[in-house]
Amino acid sequence: MILDALADSRTTVLHRAPGSAGGKSAALNAALAVATGEIVIVFDADHRPRPDVVRRLVRHFESPGVAAVQGRCVIRNPADSLIASLVNIDYMAGYLVNEYGRQGMAGMPAYGGANCAVRAETLRDIGGWNVNSVTEDTDLTLRLVLMGRRVRYDVTAVDEEEAVTTFSRFWAQRYRWARGHQQVWRDYRGAVWRSPHLSLGEKVETTMFLLAFHLPVLSAAGIAVLGFWLAGVLPPVNPADMYVLATLMFLAPMVELGTGMLLGGLERRQAVLIAAYLPVFVASAALCATAWVDGLLGRPYSWAKTKRRLDAETISPGRPVAAVHWRQQDLAGHTKGAVS
């Protein structure tokens with residue numbers, strides 16, 4: 001194993017048996033049980049954090065109300081395939097527009113599950129990561145805000161992530177995101193509106209966040225209605241009645257993607273990629289609708305690892321995939337252990 005070969009006296013490497021239940025959440029809980037630091041930092045195996053990431057993440061814990069911090073993930077392999085290029089645009093929109101906007105306007109960004117940090121004491125108080133959720137990050141976000149704690153987003157804490165390169169892997173990954181996010185909505189939507197820790201505006205913002213993977217379901221319904229209309233099955237629709245729906249389903253997401261491309265510094269010649277995103281948008285609507293129906297019917301689903309490409313650069317002996325245990329200066333200037 002790579003980490004076994006790289007381990008030293010400061011490193012604890014944990015192994016779980018193949019087929020172990022609980023997925024990523026259970027693996028993280030196993031690591032939490034042996035963690036000794038005050039701050040737990042998580043990187044997925046395909047991530048490459050920049051040297052200053054830990055310092056930039058942990059500085060936010062100077063505020064006692066902050067329970068978790070999310071950094072920015074950028075795609076390192078956009079040239080590998082068209083799908084990877086489109087995921088790159090999606091990440092620009094997600095981290096430079098969506099998360100940055102939620103931080104700046106509402107102070108309600110999400111904990112994203114990788115390139116992120118969480119206060120160990122708080123994590124233990126709420127029982128660790130939820131092994132019954134396939135999106136443990138969204139689940140943890142809700143549990144933290146419902147107890148009155150806050151998540152922060154740091155756009156300068158950057159690491160590089162490997163994008164999926166095929167449509168089948170894209171579908172599998174985004175289906176899991178949709179299935180898990182929709183389940184979090186079913187689990188916590190009532191608690192959000194009963195929470196004494198959230199203002200009215202924060203309740204509205206959190207509800208909009210929980211509905212993020214439901215809007216594509218409406219888009220799928222809208223596409224179906226459009227198809228029936230074009231086929232002559234439904235009577236003609238007044239175009240004026242479609243403006244609001246079309247804006248919600250198509251124009252708003254495209255504006256977000258285009259803004260992300262501008263902020264991400266893509267070259268003008270790459271703007272044509274936004275047109276290539278349209279089939280992916282339709283596929284996203286279809287997979288979210290599939291996940292919604294499967295969840296509504298109670299069809300079983302468990303966490304599934306996204307397949308990645310391994311290359312020599314990722315596993316270079318001079319640059320380990322992730323540091324499991326290292327020494328880090330704490331906020332008071334003392335040296336202690338930090339565990340990822």
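**Close-up 1. Strand S4 is covered on both faces.** In strand S4 (residues 116-119), Cys116 and Val118 on one side and Ala117 and Arg119 on the other are all buried; buried means under 20% relative accessible area, exposed over 50% and partly exposed in between, with a 1.4 Å probe and protein chains only. Helices (H or I, at least four residues) and strands (E, at least two) are DSSP runs, numbered from the N terminus. This is a predicted model, so local features need pLDDT of at least 70 and side-chain atom pairs count only at pLDDT 80 or more, while totals for chains, interfaces and linings use all residues. Residues are numbered from 1 along each chain as its sequence is written, and side-chain values use heavy atoms, leaving out hydrogens and water.

Close-up 2. Two strands pair if DSSP finds at least two bridges between them. Strand S1 (residues 39-42) pairs with S4 in the antiparallel sense over 4 bridges, and valine 42 has cysteine 116 as its bridge partner in S4. S3 and S4 also run antiparallel, joined by 3 bridges; here valine 69 has alanine 117 as its bridge partner.

**Close-up 3. Val87 and Phe170 have the most contacts inside the largest nonpolar core.** A nonpolar core is a set of buried Ala, Val, Leu, Ile, Met, Phe, Trp, Tyr and Cys residues joined through side-chain atoms within 4.5 Å. Leaving aside neighbours within four places in sequence, valine 87 is in contact (heavy atoms within 4.5 Å) with Ile75, Ala163, Val164, Phe170 and Arg174.

**Close-up 4. Arginine 102 forms salt bridges with glutamate 99 and glutamate 205.** A salt bridge is a side-chain nitrogen of Lys or Arg within 4 Å of a carboxyl oxygen of Asp or Glu. The closest N and O atoms of arginine 102 and glutamate 99 are 4.0 Å apart, and both residues lie in helix H4, about one turn apart. For arginine 102 and glutamate 205, the closest N and O atoms are 2.5 Å apart. Glutamate 205 lies in helix H8 (residues 200-210) and arginine 102 in helix H4, so the pair ties together parts that are 103 residues apart in sequence. Both arginine 102 and glutamate 205 are buried.
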